[in-house]
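This report describes a protein chain for a reader who is new to structures. Please look at the sequence and the model first.

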Amino acid sequence: MGESARAPRLILASSSPARRELLARTGYPFTVLPADIDEPTTGFDDPRSFVQAVSWLKARAVAARVPDGLVLAADTIAWIDGRPILKPEDEADARRILRALGGRQHELWTGVALWRRPDDVQVIWQERSVVALAALGDAELDAYLATRPWRNHSGAYAIQEQGDPHVRVVSGSVSNVIGLPLESLRKNL
């Protein structure tokens, strides 16, 4: 899809390679300008408010640096037992998180903010998926941590789009679990 003279320049406010790859699939031309903010980790009683606030903070940070264009920001978080599962601090924390999630279903929420400059029109939404993570024995967990991306991922996992033996989307979209819900994004763009 070509960029017309009236279409605003699209700016992805993220350094996430997965989000860049997903957005590229839409065919919309875009540039990357990471938000580089300190993301809050507390103060939220529900996942919808959490991802809504963080995605908006990211969009605000980039919109302040963009005189003209459409800023796209997103934030994804795993949620179980009434609390967020944040990005692991290290491998030991990733192991703890994967043990807590293993053999159970949890929610995975992504908040998305579109912020148009210079008129500051904003569209914000949140999307929920339910994810099941297989229970992993000690040897499987060692192999998972050694071979699968867990750093910088809420829940300490990254889903493989096809045939993932450990992570299954029960409801919602795979792109949402990866970090950018393409179906609803296309509608809002």
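Ala-156 is found in the loop between helix H4 (138-147) and E7. Helices (H or I, at least four residues) and strands (E, at least two) are DSSP runs, numbered from the N terminus. The phi angle of Ala-156 is near 65°, a positive value in a residue other than glycine. Ala-156 has a relative accessible area of 0%, so this residue is buried. Buried means under 20% relative accessible area, exposed over 50%, and partly exposed in between (1.4 Å probe, protein chains only).

The model is predicted: local features need pLDDT of at least 70, side-chain atom pairs count only at pLDDT 80 or more, and totals for chains, interfaces and linings use all residues. Residues are numbered from 1 along each chain as its sequence is written, and side-chain values use heavy atoms, with hydrogens and water left out.

Asp-36 also has a positive phi, near 50°, and is a residue other than glycine. Asp-36 sits in the loop between strand E2 (30-32) and H2. Its relative accessibility is 69%, so Asp-36 counts as exposed.

**Helix H2**

Helix H2 covers residues 47-63, which is 17 residues. The expected span of a helix is 1.5 Å times one less than its number of residues. For H2 this gives 24 Å, and the end C-alpha atoms are 24 Å apart, which agrees. At the N-terminal end, Asp-46 caps H2, with a side-chain oxygen 3.2 Å from the backbone nitrogen of Arg-48. Buried residues of H2 include Phe-50, Val-51, Val-54 and Val-62. The buried residues of H2 pack against several elements, among them helix H1 (17-25), strand E3 (69-80) and strand E5 (104-117). Contact here means heavy atoms within 4.5 Å.

Two strands pair if DSSP finds at least two bridges between them. E5 and E6 pair in the antiparallel sense over 13 bridges. Trp-115 has Gln-122 in E6 as its bridge partner. The hairpin of E5 and E6 has three residues between the strands, and Asp-120 in this hairpin takes a positive phi near 60°. Pro-118 lies in the loop between E5 and E6, and the peptide bond from Arg-117 to Pro-118 is cis, with omega near 15°. E6 is also joined to strand E7 (residues 167-171) by four bridges, and these two strands run antiparallel. Here the bridge partner of Val-130 is Ser-171 in E7.

**Salt bridges**

Side chains of opposite charge can pair when their charged atoms come close. A salt bridge is a side-chain nitrogen of Lys or Arg within 4 Å of a carboxyl oxygen of Asp or Glu. The structure holds 13 salt bridges. The table lists some of them.

| Salt bridge | Closest N and O atoms |
|---|---|
| Arg-25 with Glu-161 | 2.5 Å |
| Arg-116 with Asp-119 | 2.6 Å |
| Arg-148 with Asp-164 | 2.5 Å |

How exposed are the partners? Arg-148 is buried, at 9% relative accessibility, and Asp-164 is buried, with a relative accessible area of 13%. Salt bridges that share partners join Glu-21, Arg-25 and Glu-161 into one network. Arg-25 counts as partly exposed at 38% relative accessibility, and Glu-161 is partly exposed at 37%. Arg-116 is partly exposed, with a relative accessible area of 34%, as is Asp-119, with 43%.

Conventions:
A polar contact is a pair of N or O atoms within 3.5 Å; within protein, one must be able to donate a hydrogen and the other to accept it, and residues adjacent in sequence count only if both atoms are side-chain atoms.
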